[in-house]
Amino acid sequence: MSSAAFWRLIDRLGIPDADALNLIGYPGKLPASGKRPRFRLTTRQTRTANALAEVGTALEAVGKTSAWLRQRNRSTPFSGGAPLAVMVAGNDE
């Protein structure tokens, strides 16, 4: 997956840029200019991006929008947090 395809996916899912980079374990940060970095995804990063694409497909299949990722959820795996926040926090561990 190219970085351009990755950023299209992130836009489709409505994931903030910093969270997106955290999710794939990107070693750098967003530049001060705010311009999105271009990079070649590693195998691990590609697997993570593909999993995010599958999440988007699953949401569409059950009639949910990507906004679901940012909504608080009381279900057990989320414990009142938003799914995206749980994914980002899990990646920090």
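Are Trp 7 and Phe 39 buried or exposed? Trp 7 is buried, and Phe 39 is buried too; here buried means under 20% relative accessible area, exposed means over 50%, and partly exposed falls in between (1.4 Å probe, protein chains only).

## About the model

This is a predicted model, in which local features need pLDDT of at least 70 and side-chain atom pairs count only at pLDDT 80 or more, while totals for chains, interfaces and linings use all residues. Residues are numbered from 1 along each chain as its sequence is written, and side-chain values use heavy atoms, with hydrogens and water left out.

## Aromatic pairs

Searching the whole structure turns up five aromatic pairs. Rings of Phe, Tyr and Trp (its six-membered ring) pair if their centres lie within 6.5 Å; planes under 30 degrees apart are stacked, over 60 edge-to-face, and the rest tilted. One of the pairs joins Trp 7 and Phe 39, edge-to-face, at 6.5 Å centre to centre and 75° between the planes. This pair links distant parts of the chain, 32 residues apart: Trp 7 sits in helix 1 (residues 3-13), and Phe 39 in the loop between helix 2 (17-23) and helix 3 (43-61). Helices (H or I, at least four residues) are DSSP runs, numbered from the N terminus.

Trp 68 and Phe 78 are also edge-to-face, because their ring centres are 5.8 Å apart and their planes lie at 85°. Both residues belong to the loop between helix 3 and helix 4 (83-92), so this pair ties together parts ten residues apart in sequence. Trp 68 is partly exposed, with 24% relative accessible area, whereas Phe 78 counts as buried at 18%.

Setting aside residues up to four places away in sequence, Trp 7 touches Asp 17, Ala 20, Leu 21, Arg 36, Pro 37, Arg 38 and Phe 39; contact means heavy atoms within 4.5 Å.

In soluble globular proteins, nonpolar side chains tend to be buried together.

## A look at Thr 46

Thr 46 is found in helix 3 and is buried, with 19% relative accessible area. Leaving out neighbours within four places in sequence, Thr 46 contacts Met 1 and Leu 41.

Note on methods: Helices (H or I, at least four residues) and strands (E, at least two) are DSSP runs, numbered from the N terminus.
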